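Please open the structure in a viewer and keep the sequence beside it.

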Amino acid sequence: MGNLKRAALTTTVAAGLFASALLAPAEAATPGSVDPGQLPYSSATWVGVHNAYEKAKYPYFADALDSGAGMLELDVWTNVFGRSWRVSHSNPLGNNNNCENASSPAQLRTRARNQDLGGCLSDMKAWHDAHPGHRPILIKVEMKDGFQNNNGRGPAALDALLSARLGDALFRPADLAGGLPDLDTAVRTNGWPARSAMAGKFVVELIPGTVEEGNPADSLWTDREYAMHLRALAAAGRLRDAAAFPAVHGAAAGDPRTRYADAGIRPWFVLFDGDAGTYTGGTVDTSWYDRNHYLVVMTDAHNVAPAIDDTNPTETQARDRVNLLAGRYASVASADWYPLPSVLATVVPRGSGQ
């Protein structure tokens with residue numbers, strides 16, 4: 001594992017399947033088990049927490065980062081009626097969250113909450129500084145009402161904010177591209193790095209939000225706008241400026257990128273995000289995502305038949321559901337299982353449920 005600082009973790013072997021394990025600030029594999037750190041990032045299935053910024057789930061965002069979850073979700077508002085990039089579920093004008101804008105590890109869990117996106121990112125960097133070899137964490141950002149480029153909250157401004165607050169803790173599109181012409185070519189050619197090589201990194205995913213998708217006046221959604229931004233940066237030789245990955249939102253059969261009339265932006269999508277029930281319902285060939293090293297976030301994992309509790313299933317039920325989705329080639333099984341940290345820490349080989 002190189003010079004990364006590792007600490008012990010518990011690896012669970014479930015019913016003849018591969019091991020579950022946590023790549024947290026540290027990792028050590030149980031002899032004879034699969035070491036999750038050696039899996040390519042796209043060859044693993046891990047667990048995510050929906051809306052991890054909510055105070056009812058975690059008093060502080062640092063607690064969400066401590067949870068062991070491999071994906072944490074933030075909701076962001078940009079509309080002209082409020083200031084900055086607001087983080088809230090249903091208040092488009094202000095902040096309602098567990099972020100505190102800590103500038104150092106010592107300030108975590110000491111400051112006033114309800115900060116903007118910059119405050120959440122500062123908490124992430126402070127936590128990262130305390131745990132420099134932490135598991136790679138996917139930060140899913142739902143842009144509730146989309147970008148507002150005319151008001152200073154467009155893709156370039158988001159890149160600048162992410163870069164200023166997270167710095168070298170970011171895993172960037174340029175890191176994945178590795179000099180190849182686009183992200184699709186890169187993952188098809190080389191795949192994603194090993195999880196151990198991505199230790200200490202945050203991967204930022206962008207999806208269009210519920211308000212944006214329901215707005216008939218909005219014809220430029222987050223996914224398309226940011227993919228166009230990536231293409232333009234690459235053409236200008238500035239892909240290193242980009243800080244996030246756009247996701248195709250909504251499970252669909254075939255290659256969902258064909259929805260984009262502009263075929264030139266399709267190669268900039270290597271993340272896909274949609275309902276777990278649709279992905280597992282028999283109409284979608286999810287092995288296609290695995291073969292091409294694409295990441296797939298499967299949401300509402302609890303609703304896949306037979307449905308289990310959305311917040312507090314038994315540990316066995318939750319683990320079985322993660323294994324089921326791993327068998328359907330999920331990268332992330334997302335739910336609200338915050339009361340089950342041992343489940344949140346689960347990492348299994350993708351496809352291991354087959």
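Rings of Phe, Tyr and Trp (its six-membered ring) pair if their centres lie within 6.5 Å; planes under 30 degrees apart count as stacked, over 60 as edge-to-face and the rest as tilted. This is a predicted model, in which local features need pLDDT of at least 70 and side-chain atom pairs count only at pLDDT 80 or more, while totals for chains, interfaces and linings use all residues. Residues are numbered from 1 along each chain as its sequence is written, and side-chain values use heavy atoms, with hydrogens and water left out.

**Aromatic rings**

Begin by selecting Tyr41, Trp46, Phe171, Trp192 and Phe245, which ring pairs link into a cluster.

The structure holds 14 aromatic pairs. Next, select Phe147 and Tyr226: their ring centres are 6.4 Å apart and their planes are at 20 degrees, so this pair is stacked. Phe147 belongs to the loop between β6 (137–143) and α3 (155–166), whereas Tyr226 is in helix α7 (residues 222–235), 79 residues apart. Helices (H or I, at least four residues) and strands (E, at least two) are DSSP runs, numbered from the N terminus. Both Phe147 and Tyr226 are buried; buried means under 20% relative accessible area, exposed over 50%, and partly exposed in between (1.4 Å probe, protein chains only).

**Helix α5**

Move to helix α5 (residues 183–190), where Leu183, Asp184, Ala186 and Val187 are buried. Viewed down the axis of α5, its buried residues fall within an arc of 160 degrees, so they line one face of the helix; the arc is that of the directions from the helix axis to the C-beta atoms. Which elements cover these residues of α5? The cover includes α4 (173–177), α7 and β8 (245–249).

At the start of α5, select Asp182, whose side-chain oxygen reaches to within 3.2 Å of the backbone nitrogen of Asp184. Following α5 is Gly191, with a positive phi near 65 degrees.

**Val203**

Select Val203, in strand β7 (residues 202–208). Val203 counts as buried, at 0% relative accessibility. Leaving aside neighbours within four places in sequence, Val203 is in contact (heavy atoms within 4.5 Å) with Tyr41, Ile137, Leu138, Ile139, Phe171, Met198 and Phe245.

**Salt bridges**

A search of the whole structure finds 16 salt bridges, each a side-chain nitrogen of Lys or Arg within 4 Å of a carboxyl oxygen of Asp or Glu. Select Lys125 and Asp129, whose side chains meet in a salt bridge (2.8 Å, N to O). Lys125 and Asp129 are four residues apart in helix α2 (residues 117–130), so about one helical turn separates them.

Then select Arg240 and Asp175, which form a salt bridge with the closest N and O atoms 2.4 Å apart. Arg240 lies in the loop between α7 and β8 and Asp175 in helix α4, so the pair ties together parts that are 65 residues apart in sequence.

Finish with Asp184, Arg188, Asp255 and Arg257, linked in a network of salt bridges. Within this selection, the closest N and O atoms of Asp255 and Arg257 are 3.0 Å apart. Is Arg257 buried or exposed? At 4% relative accessibility, Arg257 counts as buried, whereas Asp255 is partly exposed at 24%.

Notes
Polar contact = N/O pair within 3.5 Å; in protein donor to acceptor, adjacent residues only side chain to side chain.
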